[in-house]
Amino acid sequence: MISFSLSLIALVLGYLLYGRFVERVFGPDDRVTPAVAKADGVDFIVLPSWKIFMIQFLNIAGTGPIFGAIMGAQFGPAAYLWIVLGCIFAGAVHDYLSGMLSIRNGGANLPEIIGLYLGNVTKQVMLVFSVFLLMMVGAVFVFSPAKILGGIWEPAFFVDNLGPYVFWVVVVFIYYLIATMLPIDKIIGKIYPLFAFSLLFMAGALLVMLFVKQPDIPELWTGVSGPLLTTDKLFPCLFITIACGAISGFHATQTPLMARCVKHEKMARPMFYGAMITEGIVALIWATVAMYFFYDTPEPGYATIAGGEAIINDAPSIVNTICNEWLGVFGGILAMLGVVAAPITSGDTALRSCRLIIADFLHLEQRSIRRRLYVCVPLFAATMALLIWQMADPNGFKIIWGWFGWSNQTLSVFTLWAITVYLVRHRKNYFITLIPALFMTVVCTTYFFTEKTFSLPAEWTWTVAAVTLATALVWFVVWYRKETKQQ
């Protein structure tokens, strides 16, 4: 628990100290924001600061910092280091600066921002990449809550004639369509703060229980006594497994939603940097809860809880089991809300972002419902087709989720490089994003070649990592010299 306590303090200090430093590097000012200059009553709307924070937190969090942290805890205390260092120096910087660049560019979506600083070809690639990523988010975050709800109750007519879970899939998709179509303050602005509060309350209750129970879990300086519960390589797999809570490219697709609602630039640090630090705290709490479940001594948690050993690799079931065990009936309700409502809300904001990205590319204004339908109908049809394939293939969810994890982190690579180019061109301290950009480039490239594509042995991992780092450094130095000469 000492490592956990120190990590918790480090995250708070990271927001207070490094967050303020990053804010000074960027330099927010008093210029008119898109929420005021382009107000349309649909997507560009001034919202209160507290509401933006809560919506932003739920948009970027969902179940990501819960499920990812639980599975990442199988790597032992190393998860603490990645959550703390990744969140402070990479994830929160990524979220804050991508949000500020969106504000500075009229509420621009991620592909537009990348196009501005990495070129039109990269923009087109990232446009397709972002749309597919967001569709995958919509698909994977329909099936998991539908499966849970279907296990509780489902009309017999749908089960007998269309198969299991179809009823809840249809219900969730109808909600998606409504939430994606309506102005952001109608559904998202009203119910998201409540869901965000429930996730924060659940994390707070578990934090209290951790200090009450004081589990005997591994510390950073002692390591894990005995074998880890995963055979995956620490590098690069840990850095893909724990995305939300450390750094996640998906966040950069969500920040423009709230960037279009910010009244003053100087209000943005708590909303973007602060929301990411909050997500890191939630991930830290769940990683520690999972440490108890996996590694507590003299007996791990799964050995002392009925049915625990059977769900070691089932993150949603671990959430339900721990919450029921530690928090009782109320905790079970919170857990159910988390594993059902959170992915649904992540899915609908993903599809809303996708609608805006496509609309901006096609230059379709979104003030009228008819023009919103032009984008939503084919978008939802394509997402539904992806979902049908996923449900028909026994390994469909696993395949989509695996590629989603890699795509998510790869998106952060392009975002970090785009921000680095901006900082260089405006003669600002570019090292705050250059170092995370280099690291995530190495992580994603190494994971792609050694895990997803060729399944290379461990000795090849560091060779691929070294070659990738050298290539990225040479590319940046050559570009930097050319850029500075032009300036």
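This is a predicted model: local features need pLDDT of at least 70, side-chain atom pairs count only at pLDDT 80 or more; totals for chains, interfaces and linings use all residues.

Trainee: Where is R355 placed?

Mentor: R355 belongs to helix α15, which covers residues 315-362.

Trainee: Is R355 buried or exposed?

Mentor: R355 is buried, because its relative accessible area is 0% and the cut-off for buried is under 20%.

Trainee: Which side chain does R355 join in a polar contact?

Mentor: The side chains of R355 and D43 are joined by a polar contact of 3.3 Å. Beyond its neighbours within four places in sequence, R355 is in contact with D43, T180, Q366, R372, V375, C376 and L379.

Trainee: Turning to α15 as a whole, what does it span between its end C-alpha atoms?

Mentor: The span of α15 is only 39 Å, whereas a straight helix of 48 residues would span 70 Å. There is also a kink of about 145° in α15, with its centre on L327.

Trainee: How many residues of α15 are buried?

Mentor: In α15, 34 of the 48 residues are buried, so the helix is largely enclosed by the rest of the structure.

Trainee: A change of topic: where is T288?

Mentor: T288 is in helix α13, residues 268-295.

Trainee: And which residues does T288 touch?

Mentor: Residues up to four places away in sequence aside, T288 touches M1, F4, Y80, L210 and I217. T288 is buried, with a relative accessible area of 0%.

Methods:
Residues are numbered from 1 along each chain as its sequence is written. Side-chain values use heavy atoms; hydrogens and water are left out. Helices (H or I, at least four residues) and strands (E, at least two) are DSSP runs, numbered from the N terminus. Buried means under 20% relative accessible area, exposed over 50%, partly exposed in between (1.4 Å probe, protein chains only). A polar contact is a pair of N or O atoms within 3.5 Å; within protein, one must be able to donate a hydrogen and the other to accept it, and residues adjacent in sequence count only if both atoms are side-chain atoms. Contact means heavy atoms within 4.5 Å. The expected span of a helix is 1.5 Å times one less than its number of residues. The bend at a residue is the angle between axes fitted to the seven residues ending there and the seven starting there.
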